[in-house]
Amino acid sequence: MRRQEGSEFFSKRDFNVAYKKQGFFSSLQFESALEIANELINGYLNGTYDKVVIIYNEFKSLIQQRIIVEQFLPIPVNKNNGKDKQNLPNYIFEPDQQYIFNYLLPKHLKAQLWRILLESNAAGLGAQMTAMDNATTNARELIRALQLKYNKERQAAITNEILEIVSGANALKGG
């Protein structure tokens, strides 16, 4: 079965695919992640995207991967809804809040995207390993079943030959 690219999947379902990068996971590089993160951040900042949501496979184990839907931009804020005013964060920012956000947020987003790509890659490799292990197990079972069938057919052919020889010998004796 051919592996389907994400862009192909969404294009067939009439989604507008704004950016695609073919063969991305064949040589996963941090620079490629930076390129994608920059595209997403710039698109959000210039108003091309209202919201960026990333859907990816989370690697839990070789036999378990979960599909995760995570909002990338705007960064979700854990809202308190004003219920607990004593526990509202009160921070003093040094040098200043705007500088820190301008410096840290792009780095945070790029690191998060790299984590997401690594998770997806690990989940894909885990799924491939599991599929190959299942294929090997099925092949062994098929070989065992075919070997058993071959041995039965061979035994039946030998038994037939012996019967023909004994019948021929009995016919010569009695004739």
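Predicted model: local features only at pLDDT ≥ 70, side-chain atom pairs only at ≥ 80, totals over all residues.
Visitor: Why is D14 called exposed?
Guide: Its relative accessibility is 74%. Exposed requires over 50%, so D14 counts as exposed. D14 lies in the loop between α1 and α2. Its phi is near 60 degrees, a positive value in a residue other than glycine.

Visitor: K21 lies in the loop between α1 and α2. What makes K21 partly exposed?
Guide: The relative accessible area of K21 is 29%. Buried would need under 20% and exposed over 50%, so K21 falls in between and is partly exposed.

Visitor: Which residues does K21 touch, leaving out those up to four places away in sequence?
Guide: K21 touches S32, E35 and I36. As for G6, which is 15 residues from K21 along the chain, the two C-alpha atoms are separated by 9.7 Å.

Visitor: How many aromatic pairs are there in the whole structure?
Guide: The search finds four. One of them is F10 with F15, an edge-to-face pair.

Visitor: Why is the pair of F10 and F15 called edge-to-face?
Guide: The ring centres are 5.3 Å apart and the planes stand at 85 degrees. A pair needs centres within 6.5 Å, and edge-to-face needs planes over 60 degrees apart. Both conditions hold, so the pair is edge-to-face. F10 is partly exposed, with a relative accessible area of 32%.

Visitor: What makes F30 and W114 an edge-to-face pair?
Guide: Their ring centres lie 5.3 Å apart and their planes are at 90 degrees, so the pair is edge-to-face. This pair links distant parts of the chain: F30 is in helix α2 and W114 in helix α3, 84 residues apart. F30 has 34% relative accessibility and counts as partly exposed. W114 is also partly exposed, at 21%.

Visitor: Which residues do ring pairs link into a cluster?
Guide: The cluster consists of F9, F10 and F15.

Visitor: How do you know that the charged end of R13 sits over the ring of F9?
Guide: The charged end of R13 is 3.7 Å from the ring centre of F9. The distance limit is 6 Å, and the charge must also lie within 35 degrees of the ring normal. The distance is within its limit, and the charged end is reported as sitting over the ring.

Visitor: Why is K12 with E8 called a salt bridge?
Guide: The closest N and O atoms of K12 and E8 are 3.3 Å apart. The limit is 4 Å between a side-chain nitrogen of Lys or Arg and a carboxyl oxygen of Asp or Glu, so the pair qualifies. K12 is exposed at 56% relative accessibility, whereas E8 is partly exposed at 22%.

Visitor: How many salt bridges does this rule give?
Guide: The count is three. E58 and R66 form one of them, at 2.6 Å from N to O. E70 and R115 also meet in a salt bridge, at 3.2 Å. That pair links distant parts of the chain, with E70 in strand β2 and R115 in helix α3, 45 residues apart.

Visitor: Is E58 buried or exposed?
Guide: E58 has 17% relative accessibility. The cut-off for buried is under 20%, so E58 counts as buried.

Visitor: Which residues have the most contacts inside the largest nonpolar core?
Guide: They are L40, V52, I54, F72, L73, L113 and L117, in a core of 18 residues. The elements giving two or more residues to this core are α2, β1, β2 and α3. α2 gives the most, with five residues. In soluble globular proteins, nonpolar side chains tend to be buried together.

Visitor: What does L113 touch, not counting residues up to four places away in sequence?
Guide: L113 touches A33, I36, A37, I54 and F72.

Visitor: Which residues does a cis peptide bond join?
Guide: L73 and P74 are joined by a cis peptide bond, with omega about -10 degrees. P74 is in the loop between β2 and α3.

Key. Residues numbered from 1 in each chain as written. Heavy atoms only, no water. Helix = DSSP H or I, 4+ residues; strand = E, 2+ residues; numbered from the N terminus. Buried < 20%, exposed > 50% of the residue type's maximum accessible area, 1.4 Å probe, protein only. Contact = heavy atoms within 4.5 Å. Phe/Tyr/Trp six-rings, centres within 6.5 Å; stacked < 30°, edge-to-face > 60°. Core = buried A, V, L, I, M, F, W, Y, C linked by side-chain atoms within 4.5 Å.
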